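Welcome, and please have your viewer ready.

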Amino acid sequence: MSSRLAIFHPAGKLGLGQNFFGKDVANLDLYRALVAHGGFEAVDILTLVQVGLDQVAPALTQGRPTTTKLGVDSVLATHRAVAAGALLRGQPDLADLAWLRRQNASDRAYSLVGLIHTIAPPASRMSLALNQVAPIQPWDALICTSPAVQDALTDMFEGWGDYLAHRFGDGGRRAIPKLPLVPLGVDGARFQALADRPEVRAKVRADLGLGEDDILVLWVGRLSFFEKAFPQPMFAAVDEAARATGKRVQFALVGWFPNEPVHRPLYEKAARAYGPSVTTHFLDGNDPEVVGGAWAAGDIFLSLVDNIQETFGITPIEAMAAGLPVVVSDWDGYRYTVRDGQEGFLVPTLGAPANGQGQGLAARHAVGMDAYQNYVGAIAQHTAVHVGRAAQALAALIADPALRARMGAAGRERIRTTFDWPVVVGEIRALLDELAAIRAAAGDVEPSHRIHPVKGDPFADFAGFASQVLAPETPLALRSGVDPANLVRTDLDSHASVWRANTAECAEICGLLASGQAATVGDVLARFPPARGPALELAIVWMAKLGVIDWL
C-alpha cells in the first residue's frame with residue numbers, strides 16, 4: 001500500500017465560486033476525503049499553473065488538523081507521481097498524461113486513474129476514445145461511478161476498438177483501461193448535522209409560510225432544463241400529489257440558473273402552468289446557509305432527471321444523508337444509489353427509439369450547427385418521466401409521516417454503509433493497491449515511441465522548415481560591436497526566456513567566442529555542465545536571431 005498520492009488538478013486553486021457544477025463539488029469533496037480518510041503520509045497536488053501551498057491547503061483541510069503532508073508542484077514534475085505510484089485525475093482524459101509518463105519516466109512508473117462525471121458530450125466521448133490509442137496500460141483505470149456508465153463505456157470502447165481493428169487490421173485494436181465501479185461519496189455526518197437543527201427548520205419553514213403539518217418538497221441542483229431536467233413533470237407531479245392528499249404542499253427549487261434573466265421566467269411560467277395549486281419557491285443555491293436551511297426544512301426530496309448529462313447524481317445521496325425520503329427518476333446512477341421502496345421511490349422513464357432522428361441531432365452538433373446545450377436538451381425533451389407514478393410516490397409520502405421517517409432512516413443507513421466518504425475512500429485505496437500489484441507483476445517492454453508522434457518535439461517535427469539545424473559542428477562567430485552585458489535591448493527580447501540559458505551564461509558564451517576559446521557549438525557546450533546543454537543550445541539560436549552570433 002503506497003503511503004503517498006499525487007492528484008492532478010489543472011486549475012491549481014481549490015474551492016467553489018458562484019454557479020459551480022456538480023463535478024466541481026464532487027472532486028473537491030473527494031480530495032478532502034482522501035486527505036482526511038486515506039491514511040496517506042503525503043498528498044501532492046500537481047497543477048498547470050503556479051500556486052502556493054497556502055492557496056491549496058486551506059481548501060483541502062478546511063482548518064482541521066491533519067497528519068498528511070501536503071505539497072504542490074507542476075504536473076511536469078512526474079517524480080511526484082513516481083514516488084506516489086499513482087496519479088489521480090478528477091476527469092477521464094488520460095491520454096496526454098500517459099504520453100507524459102512515458103516521456104518523462106516509463107509506462108510502469110505509476111498508475112493513472114481518471115474519474116468519469118459524464119459521458120454525454122461528444123467531445124468528452126472523443127477524449128475518452130483517445131485513451132484507447134494512447135499508451136494506457138493494464139495498471140491504469142477510469143473510475144465509473146455507476147453501473148450504467150460502466151456498461152455504456154464498455155460498449156463504446158468495444159465499438160471503437162472494432163472500428164480501429166477494421167481500419168488498421170487486428171493490430172489496430174488497443175487495450176482499454178480498467179473500468180472499476182466506485183461511487184462518489186458524501187460527508188454523512190455533515191449533512192445529518194445540517195438537517196437535524198429544529199430551530200433552523202422552524203425558522204425556514206416560518207419564512208416560507210409553512211405550518212407544522214404542511215409539506216415541503218425539495219429540489220437541489222442546477223436549474224438547467226437543457227443539462228439537468230425539464231421541470232414540467234416535477235411541477236405536475238407535486239401538484240397532482242397535493243390535490244390527491246388534500247395537504248398543503250410547497251415546492252422549493254434550490255439552485256442557480258445558467259442564465260437567470262432568460263431562464264427564471266421560463267421556470268416560473270412552467271410552475272404556473274403545471275403546478276397551479278402549489279406554491280413554488282426558487283432559492284439561492286449559491287448561498288451555503290440557504291442550502292443548509294433547506295436540508296433542515298424539507299420533508300421530501302424530488303429529482304426527476306431526464307438528461308444524459310447526468311451519470312451519478314450527487315444530490316440524492318446528499319438528501320439521504322440529510323434523512324429525507326427521495327423520489328427520483330429511474331435513471332442511470334439514480335437507480336444505483338436509490339433502492340426502490342427502501343430509501344424512496346424510482347419513477348419509470350421512457351427513452352425515444354433509435355430511428356435516425358438521434359443521428360440527425362448528433363450530426364448537427366458534430367459539425368457545429370447546434371451547441372451542446374441544444375443537442376443534449378433536445379434529447380432530454382424527448383425523454384419521458386412518468387408523471388402519474390411520480391405523483392403516486394409523492395402522495396404516499398405526503399400522507400404518511402411514518403413512511404417518510406422510515407425511508408429517511410433507511411437513507412441514512414445506506415449512506416453509512418455504502419456512500420459515506422470513509423467507505424468510498426477505502427474502495428479507492430483498494431483499487432490503487434490492485435493497480436500497483438498489476439504494475440509490479442508486469443514485465444518491462446521498450447515502447448516503440450517514447451515521444452508522442454503527433455504532439456512531440458516541435459524542433460524535431462519541423463526541422464525541415466529551416467535551412468539547417470544547430471549541431472555540435474555548427475561554426476559560430478561573435479559579430480562585431482556586440483556588448484555581452486547588453487544582450488536584451490527590448491521587451492520582445494525577453495519572450496520565452498525560461499527555456500534558454502540565463503543572461504550570465506549568454507555573456508560567457510560571447511566571451512568564449514570573442515577570445516577564440518570556442519569556434520563551434522560543441523566547443524561552447526564543452527565548457528558547461530552537460531545538464532545545461534539544451535538551454536545553452538536554445539540560447540545560441542536566440543543570440544543568432546538577435547544578430548549577436550553568426551553561424552555560417
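Predicted model: local features only at pLDDT ≥ 70, side-chain atom pairs only at ≥ 80, totals over all residues.

**First stop: the largest cavity.** Select Leu30, Leu115, Ile143, Val182, Pro183, Leu184, Trp421, Val424 and Ile428, and you have the lining of the largest cavity on screen. If you colour by residue class instead, the lining shows nine nonpolar residues, with no polar and no charged ones.

**Second stop: the second largest cavity.** Next, select Leu46, Val75, Thr78, Ala81, Leu87, Leu97, Leu100, Tyr110 and Leu112, which line the second largest cavity. Two elements, α3 (78-84) and α4 (95-104), each give two or more residues to this lining. The volume here is about 30 Å³. What does colouring by class show for the lining of the second largest cavity? You will find eight nonpolar residues and one polar residue, and none that is charged.

**Last stop: threonine 61.** Move to helix α2, residues 57-61, and pick out threonine 61. Is threonine 61 buried or exposed? Threonine 61 counts as buried because its relative accessible area is 15%, and the cut-off for buried is under 20%. To see its partners beyond the neighbours within four places in sequence, show Thr66 and Leu70, both in contact with threonine 61.

Terms used: Residues numbered from 1 in each chain as written. Heavy atoms only, no water. 1 Å grid on protein atoms, 1.4 Å probe; cavity = no way out; pocket = protein on both sides within 12 Å on 5 of 7 lines; lining within 4 Å. Nonpolar A, V, L, I, M, F, W, Y, C, P; charged D, E, K, R; others polar. Points joined across faces, edges and corners; volume = space filled by probe spheres on them. Helix = DSSP H or I, 4+ residues; strand = E, 2+ residues; numbered from the N terminus. Buried < 20%, exposed > 50% of the residue type's maximum accessible area, 1.4 Å probe, protein only. Contact = heavy atoms within 4.5 Å.
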